[in-house]
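Please keep the sequence and the 3D view open while going through them.

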Amino acid sequence: MYRRVVITGIGIISSIGNGISESLKSIRSLKSGIGPLTILNTIHKHSFPCGEIKLTDEELVVIAGKGVPDVVTRTTLLGIIAAKEAFNDAGIGPGEKPSVKTGIVSATTVGGMDKTEQYYFDFLNSGRYLEYVHTHDCCDNTQTIAECLGINDFMTTISTACSSSANAIMFGARLIRHGIADRIIAGGTDALSKFTLNGFNTLKILDEKLCRPFSNDRLGLNLGEGAGFIVLEADELPLKENRKIYCEITGYANANDAYHQTASSPDGYGPYLAMKNALDMSGFKPGQIDYINAHGTGTDNNDLTEGLAIEKIFSPRIPKVSSTKAFTGHTLGAAGAIEAVFSILAVKHGLIIPNLNYSGRINELSFEPATEFNEGLDIRSVLSNSFGFGGNDSSLIFSKY
Amino acid sequence: MEAYISGSGIISAQETFEKSGFPENIRPLNAPFTYCAEPNYKDFIQPIQLRRMGRILRMGVTAAAKCLKDAGIGIPDAIITGTGLGLVQDTEKFLSSVIENDEKFLNPTSFIQSTHNTVGAHIAVMLRCNSYNCTYVHGNISFESALLDSLMLIADNPELKVLLGGHDEMTEHYFKISDSAGLWNKYYPDGRMPENPERAIVGEGAAFFLVSGKYKPGAYAKFSGVSTFYKPENTHAIAEKISGFLGEQGLALDDMDLILTGQNDHAGDYIYNSVKTSVFNDCNLGYYKHWCGEYHTSTAFAAWVAAQILRNKEIPRDLILQKKRDKSPKNVLIWNHFRNISHSLILLSEC
């Protein structure tokens with residue numbers, strides 16, 4: 001018998017706000033965080049709008065509070081802020097109850113690239129800033145967050161491109177089901193960098209205007225930055241201690257599209273498998289999913305193939321579908337966790353988060369995304385999709401406990 | 001949780017690729033860092049593809065292909081990899097051109113291939129393998145995390161055949177940077193860093209295993225457990241973690257026929273030596289990094305060494321640090337640490 005895994009705490013920082021309350025406020029007022037870059041120093045600052053958090057690293061250090069090391073990257077700072085919020089939200093003080101096996105699973109795509117790209121030639125030639133070399137590694141954020149939270153047992157880091165933090169949540173849930181841990185804080189973090197902005201630009205999938213997920217005239221994605229973390233626990237822990245439970249993770253799956261490093265297969269077979277296997281695990285019928293928080297990047301390829309895969313499973317009764325990336329931008333390694341937080345809020349508050357900037361149905365698809373904000377609906381289960389380079393496709397299902 | 005090994009593909013600083021089993025001649029490593037003895041990739045990868053692939057992608061994909069062939073498996077049921085540094089060469093290439101060309105005239109290939117899961121993903125595309133695919137990137141416990149994931153998958157369904165691998169590459173630039181930052185210096189207790197610290201010879205490698213929950217003829221060793229721990233307070237804490245881990249498997253230190261430590265050279269460092277004298281007095285002790293060099297997924301190479309020892313029932317003399325008993329090896333414990341931050345324990349046993 002596997003243990004049931006529930007969510008007891010959530011934390012988030014993105015361009016629509018620092019923390020749950022600011023993020024909800026932006027969602028309720030349909031306020032996107034995407035706009036011109038003012039902090040990242042790039043020649044593209046006027047070309048590509050991004051979901052940039054309008055706080056400098058120095059300001060983030062202050063917000064991150066106790067335990068922040070002197071040498072720290074923006075990626076790690078964002079992670080600390082979201083992870084601390086999630087831990088506090090779950091009512092867990094740092095370092096308490098050593099009897100509870102607590103671990104952390106974090107995720108990132110480029111780790112401390114924000115600092116590496118500033119100092120790379122110094123590292124190489126002048127020998128300056130060498131104290132930042134170790135912060136480049138993907139595990140730097142995980143270790144630093146762990147130390148801030150007093151976690152010194154299990155830890156690991158996942159990097160599977162844009163599905164990284166969905167996989168971190170999945171791995172966290174599996175560790176609890178197998179009894180390897182009782183409580184895992186799982187999520188991901190990524191800061192904007194010239195490296196990723198230019199990388200996506202070489203692929204010609206950045207929109208120079210605001211992204212329009214699931215619209216027929218969509219032209220690409222807007223990048224973003226942020227972090228999301230959730231506290232996963234075996235249900236007996238919050239029950240015994242009378243702490244709140246947001247919802248349960250009832251299904252998850254990862255599949256590989258096995259088609260191309262950066263493009264998905266024409267019919268979205270990988271996304272189809274991820275959604276189908278997650279549904280099978282949960283034991284739900286497609287009709288029991290009330291809302292799909294889609295990957296929905298706004299690229300030609302993703303939205304079409306994700307849409308086709310959704311149709312294949314849910315047609316003719318397609319649930320409410322929306323992409324929240326027009327709010328936050330595509331936050332890469334953090335996206336799966338940030339959207340998991342949105343999905344958990346959707347279950348808690350009965351939310352449908354609208355798909356902003358929608359301009360008309362994709363010709364090949366039969367459905368349109370949800371464009372109206374709704375609250376107080378009876379949302380029992382939400383499916384959250386995260387797909388990444390290398391055909392890495394993951395789906396998570398959050399359900400009322 | 002246990003996983004039977006029925007195949008492997010190993011690219012290392014030694015001649016470990018062509019023939020299975022230990023190489024006849026061990027070559028000394030080149031200081032300060034050493035590259036792998038690379039195979040002829042053309043036997044495994046189409047020339048058109050090969051041109052676009054960086055070194056670690058070539059090594060990873062080829063080691064994986066060899067592993068599947070060795071196990072007689074076409075398409076695995078999962079592909080799980082660990083890499084401490086990912087695709088360093090492609091990352092450096094794209095990063096330098098972003099900076100040098102002031103963000104202009106960039107080529108997407110190195111960006112695409114800089115993603116940490118490129119090797120696992122490339123294997124999936126080549127095999128058209130739609131199954132579970134994940135990549136762990138947590139420094140020197142990346143392979144251990146991939147192993148734990150494999151063990152959990154297999155515990156859920158023992159029939160699954162999992163392709164499990166660890167890979168890391170070294171480049172001239174990364175060596176220069178990491179060495180200037182002191183990352184490869186031996187561990188010295190706080191405040192006792194000498195002016196000219198000893199440092200490890202740095203290496204690289206790609207090691208893949210085909211593992212399954214069911215014993216089948218041809219399987220020659222099994223993974224029987226893995227554990228990691230962070231910044232132990234002292235020698236006593238390390239000893240407790242080791243005995244606690246073995247206890248979970250229903251074993252004790254006395255059941256270990258070899259402890260394969262991650263020390264870089266015969267002399268060891270402060271941590272290895274203090275645990276050695278206080279805990280491992282009566283154990284057979286060995287080391288392996290004088291064969292493969294220091295790198296984040298060197299424990300994947302160590303797992304291969306351990307599996308060969310269990311298969312041959314013999315410990316090569318060149319690996320032995322301390323010999324206290326003489327019986328056919330049944331259990332080998334790998335214990336590794338990097339700068340006393342993350343430690344790992346991997347247990348392999350005879351089938």
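1. Among the contacts in chain B that link residues at least 6 apart in sequence, 80% join residues at least 24 apart. The model is a predicted one, and this percentage, like every other value in this note, should be read with that in mind.

2. Chain B contains eleven helices and eleven strands. Its radius of gyration is 20 Å, close to the 20 Å that the globule rule gives for 351 residues, so chain B is as compact as a globular protein of that length.

3. Two further values describe chain B as a whole. Its C-alpha trace spans about 60 × 55 × 35 Å along the principal axes, and buried residues account for 57% of the 351 residues in the chain.

4. Turning to chain A, the domain assignment gives domain 1 (5-241) and domain 2 (253-399), and the centres of these two domains of chain A, taken over C-alpha atoms, are separated by 21 Å. The contact takes 59 residues from domain 1 of chain A and 50 residues from domain 2 of chain A.

5. Which elements supply the side of domain 1 of chain A that touches domain 2 of chain A? At least two residues each come from β1 (5-14), α1 (20-28), α6 (164-177), β5 (183-190) and β6 (226-234) of chain A, and the largest share, seven residues, is that of α6(A).

6. As for composition, the residues on that side of domain 1 of chain A divide into 27 nonpolar, 25 polar and seven charged.

Methods:
Residues are numbered from 1 along each chain as its sequence is written. Chains are lettered from A and ligands numbered from 1 in the order in which they are written. This is a predicted model: local features need pLDDT of at least 70, side-chain atom pairs count only at pLDDT 80 or more; totals for chains, interfaces and linings use all residues. Helices (H or I, at least four residues) and strands (E, at least two) are DSSP runs, numbered from the N terminus. The radius of gyration is taken over C-alpha atoms; the globule rule is 2.2 Å times the number of residues to the power 0.38. A residue is buried if 20 or more other C-beta atoms lie within 10 Å of its own, exposed if 12 or fewer, and partly exposed in between; C-beta atoms are placed from the backbone. Two residues are in contact if their C-beta atoms, placed from the backbone, lie within 7 Å. Domain bounds come from an automatic or database domain assignment. Ala, Val, Leu, Ile, Met, Phe, Trp, Tyr, Cys and Pro count as nonpolar, Asp, Glu, Lys and Arg as charged, and the others, Gly among them, as polar.
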